[in-house]
Amino acid sequence: MTAEDAGNTDEVTAEDAGNADEVGQTVDPRAGLPADERALLEAFDRLQPQGTVRWAFDDAVRRLIESPDTHGRPAGWGGLPADLWERGRGTKASERVLGDVVKIVAQDVTEYTDRAVKEALTLSADALTELRVAVRDAVQFLSARVELLESSTDPLGLQAAALDLPVVDVSAWVDAAPGWASRRADLPVLVGELSDDALVSALAGSGATVDGVDPRGAVVWAADAAFDVGSGPIDITFAEVIDHLRTLPESSRGCVILSGSVDRTDLAGKVALVDEARRVVAPGGNVVLLVTDQAAWDASLDPVVRDLLPGRPLHPETWRTVLALRGLDESAWLRPAAGSVHAVVAEVVR
Amino acid sequence: MSGIHLFVPMLHVRDAVGEHTRTLRDLLVADGVECRIYIETPDEDTVDETRPYLEYEDDALPGDVLVYQMATRSTMVKWLRDRPEPVVVNYHSLTPFTYFAPWNNWIARHQVEATLELRALSSTAALGIGVSEFDAGELRASGYQEVAVIPVANVRFPPTPADPATVAALARRAGDGPRWLSVGRLAPNKAHEDTIAALFVARATTSPGARLTIVGSPTEPNYARALQRYATRLGIARSVDFVSRISDAELSAHYASADVLVMLSEHEGFGVPLVEAMSHGLPVVAYASGAVPEVVGDAGVLLEAKGPRRVAEMVAALLGDEARREVLVARGRSRPHELGLERSGSDLMAALRAIADRSSGVTGGSNQASPLRPGAPLSH
C-alpha cells in the first residue's frame, strides 16, 4: 500500500510489513474494539467446547487410546468408524441427557479401571496388554452408546435460531414489568429474550438496571444501537438465555423475566431455565414467565417451524405445576388484557 | 543411485504441504534425481505414491539427503535425528497450540510436541528452509544455524482455468450484493469467525446483500461446527456457504466469481490463497499477521486491526472505488512474479543439491555460488 493509498489508519504500509508479523502474535486483535463488536465476537467464544463434559470425556478417551503402551496395538474390536470422535458433538439441547449418560459411562469406566489396576498386579505383561485393549474397547462401546443417544435427541442438528420464529408480543405486560422488578429494586433485572424494546425501556425508565440477553445476533445488534449499551443502565449479552443464566452468581438478580425460549425448548430445557432463574433471583424477587397461549402458538407458526421446534408452550397451569415441583410454590397466573401471552409470576423464597 | 528423499507425516492431496511435497518430488524426478516420499501414516488417496518411513532403512544409499516437510508433530522426528544422512527441514509453520487449546486438546498437545520437535532437529539439521521470512524467523528462534527462505513450490502458473459449470452455478446463486470469499482450512488460527462477524455487520450496514463463501476443509470439527452455529445465531446462515473437497478448477471458479478475498487469519506461514487470489485478479483485504504482509506487499489492503465494523467498511470502500481496485488488481497479478514463485522449485532443488554435494565432498560445497536466490542467502 503506497502512502497515498493509505487513507485509513488501520491499514499497514509496505514499510511496516517487516514487523507486521508481530501484530497477530503479540497484540490482542480485539483490543480497543467497541463493546458491541467485542460482544459480537465473544458470542463465538462461547461455542468453544473446552470445559464441557463432552470435551473432557473425549479428551480422556483419546488419552486412553493413545497411551504409549497401547499405541499401535490392534484393537480387540474394530467396529467403530475411525472418525467416531469427530462426529456427533453435543448440542446445547442434548447436553443434559448427555451429561447423565456420561456420568454413567464415567462410573462404569472408573469401576472397570479400578478392577483392572488391581488385577494388573497379578498379571503377566501379555495379559495386561489384553486387559488394556479390553478397557479401550469398553470405552469405545460406551462412547458409541453416547453417540446413539446424542443423535436421537437432536437427529437433524437443528438450532432454533435457524428457524424463522415470530417475535413474542409481550406488550400487554410493559406496564406491569416495573412492578415485578420493584420487589428487589436493589438488584438488576434480567430480561431473557428481548421480545419488545418497550419492555426493556419501561424497566430502565423505572430506575432498574437491566441485564438483557438474546441468542439472535440481529436482535442484539439492533438493541445495542437502540439502548446505547455500555453508557446507561442497560446491558445486552449475545448468548442463549440458559447459558447466560449459568454464568451468573446465585441471588445476583432481583427479577428474571423470560419469554421465547420458555415456549420453544423441550421440557428438560424448560426445567433448566426455571432452575437457573430460581437460583439467580435473590429471596423476595420474582421469576416471571411470559408464555404464549397454546392455541395462538399453533395458529401463528409456520407448520414446518412448529413441527421442527424441540418444544411447544405449556399451559399456564402446567407451568405453575412445574414451578411448584422445582421449589417455587407460590405462583400466580395472570391473563393478558389483550394479546395471547400469559404471565406466570412466582416469588422466590429460600 | 543416491537420492533426495522426502519425509512427511501424512501426504494429503489438496493440502498445501502435501501438494508442495508432491510438486517437489515431481520436479526432482523430472530432473533425474532419485526421489521417494516416505510417510508415517498412509492416506488412502496417496497410498500408492508413499512408503512407510521405516522402510527407508532398507532403501538407504550413501549420499542420500533427507528432506523433512514439517507442519505438525511426528514420531519420525526422533528417527530422523538419529539418521546419518544430512537432514533438511522444510518448515511450513507450526500453528501455536494456544489456538487449538479451547477446541481440541489432542491437537493442542500435538502442537506443543511439534514445537519441541522443531527445536530437537535444529542441532542436527543441515539446513532449515522457511517458506517465508516469517517462518525463517521461527527457525532461527528455534536454534537453526543455517536458514534459507524459499517459498512454496506448488502455486500454479498460470492459474488453473476455472471450471465453467461451477462458474455458472455460482452466478445463478449470486444476488445483487458483493461476493466475499475466504479460503483456508477451518482451523482456529484462520479466524473465519471474524470474517463471518464482519459480513454480519456489512449486511446490517453497508452491503445488505453481501454473501460469503468459505472454502476449506474442516480440520478441527468442533471449530467447523461452531462456525456454522455462529452464522445461524447471527441470522446469516443462508448467506454463508461452506465448501470443501473441491478440485483446483472448482477453486479457480470461486476465485473468478468472487468480488474480494477477505482473509483475517492470525497465523500464516505463507498464505497460498493470497497468491492464488491475486493471480486470478481478485482484490485482497487481509489482516497483517504472520507472513501475510510480505506476501501481499503493496498489492492489497492490509489491516492492523480487524474489528467487524472496520473490516466491513474497508471492504465496502475497496469495492466502491473502481480506480483503486484496478490498481491493486494489477499489482496483484504481478505479485507472484515479484515473489519469485515460478522459480521456487528450481531454487529448492538447487539448495538440496548443494547439501548433497557438500555431504558427498564435492569441491566447493555450499561455498559455491549460492543455490539460493539473492537476498535470501544461507545465514549463520
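In which loop of chain A is the place of Ser251(A)? Select Ser251(A): its place is in the loop between H10 and strand E4 (253–259) of chain A. Helices (H or I, at least four residues) and strands (E, at least two) are DSSP runs, numbered from the N terminus.

Before going on, a word on what you are looking at. This is a predicted model, in which local features need pLDDT of at least 70 and side-chain atom pairs count only at pLDDT 80 or more, while totals for chains, interfaces and linings use all residues. Residues are numbered from 1 along each chain as its sequence is written, and chains are lettered from A and ligands numbered from 1 in the order in which they are written.

**Two positive phi values**

Stay on Ser251(A) and check its backbone: phi is near 55°, a positive value in a residue other than glycine. Most residues other than glycine have a negative phi. Ser251(A) is partly exposed because 17 other C-beta atoms lie within 10 Å. On this scale a residue is buried with 20 or more other C-beta atoms within 10 Å of its own, exposed with 12 or fewer, and partly exposed in between, the C-beta atoms being placed from the backbone.

Now select Arg245(B), in the loop between strand E10 (240–243) and H10 of chain B. Arg245(B) is not a glycine either, yet its phi is positive, about 50°. With 10 other C-beta atoms within 10 Å, Arg245(B) is exposed.

**H10 and H7 of chain B**

Next, select helix H10 (residues 248–257) of chain B and helix H7 (residues 164–173) of chain B, which pack with their axes 8 Å apart at an angle of about 40°. Axes here are lines fitted to C-alpha atoms, for helices over the stretch in contact, and angles run from 0 to 180 degrees between N-to-C directions. H7(B) and H10(B) are therefore oblique to each other; angles under 35 degrees count as roughly parallel, over 145 as roughly antiparallel, 65 to 115 as roughly perpendicular and the rest as oblique.

Show the side chains of Thr166(B), Val167(B), Leu170(B) and Ala171(B) in H7(B); they meet Glu250(B), Ala253(B), His254(B), Ala256(B) and Ser257(B) in H10(B). Two residues are in contact if their C-beta atoms, placed from the backbone, lie within 7 Å. By class, this contact of H7(B) with H10(B) has five nonpolar, three polar and one charged residues. Ala, Val, Leu, Ile, Met, Phe, Trp, Tyr, Cys and Pro count as nonpolar, Asp, Glu, Lys and Arg as charged, and the others, Gly among them, as polar.

The buried residues of H10(B) are Leu251(B), Ser252(B), Ala253(B), His254(B), Tyr255(B) and Ser257(B). Their cover includes H7, strand E8 (179–183), strand E9 (211–215) and helix H11 (272–279) of chain B.

**From chain A to chain B**

Select helix H3 (residues 35–45) of chain A together with H8(B): their axes come within 10 Å and cross at roughly 135°. H3(A) and H8(B) are therefore oblique to each other, and their crossing is right-handed. Look for Leu40(A), Leu41(A) and Phe44(A) of H3(A) against Glu193(B), Asp194(B) and Ala197(B) of H8(B). The residues of this contact of H3(A) with H8(B) divide into four nonpolar, no polar and two charged.

In helix H3 of chain A, pick Ala43(A), which is buried, with 22 other C-beta atoms within 10 Å. Leaving aside neighbours within four places in sequence, Ala43(A) is in contact with Phe238(A), Ala239(A) and Arg233(B).

**Into the core**

The last stop is the largest nonpolar core, with 184 residues. Such a core is a set of buried Ala, Val, Leu, Ile, Met, Phe, Trp, Tyr and Cys residues joined through C-beta atoms within 7 Å. Those with the most contacts inside it are Leu290(A), Val88(B), Val284(B) and Val315(B). Helix H8 (residues 192–204) of chain B gives the most to this core, with eight residues. End on Leu290(A): not counting residues up to four places away in sequence, its contacts include Val168(A), Trp173(A), Ile257(A) and Val341(A).

Definitions and conventions: Left-handed = near helix turned anticlockwise from the far one by under 90°.
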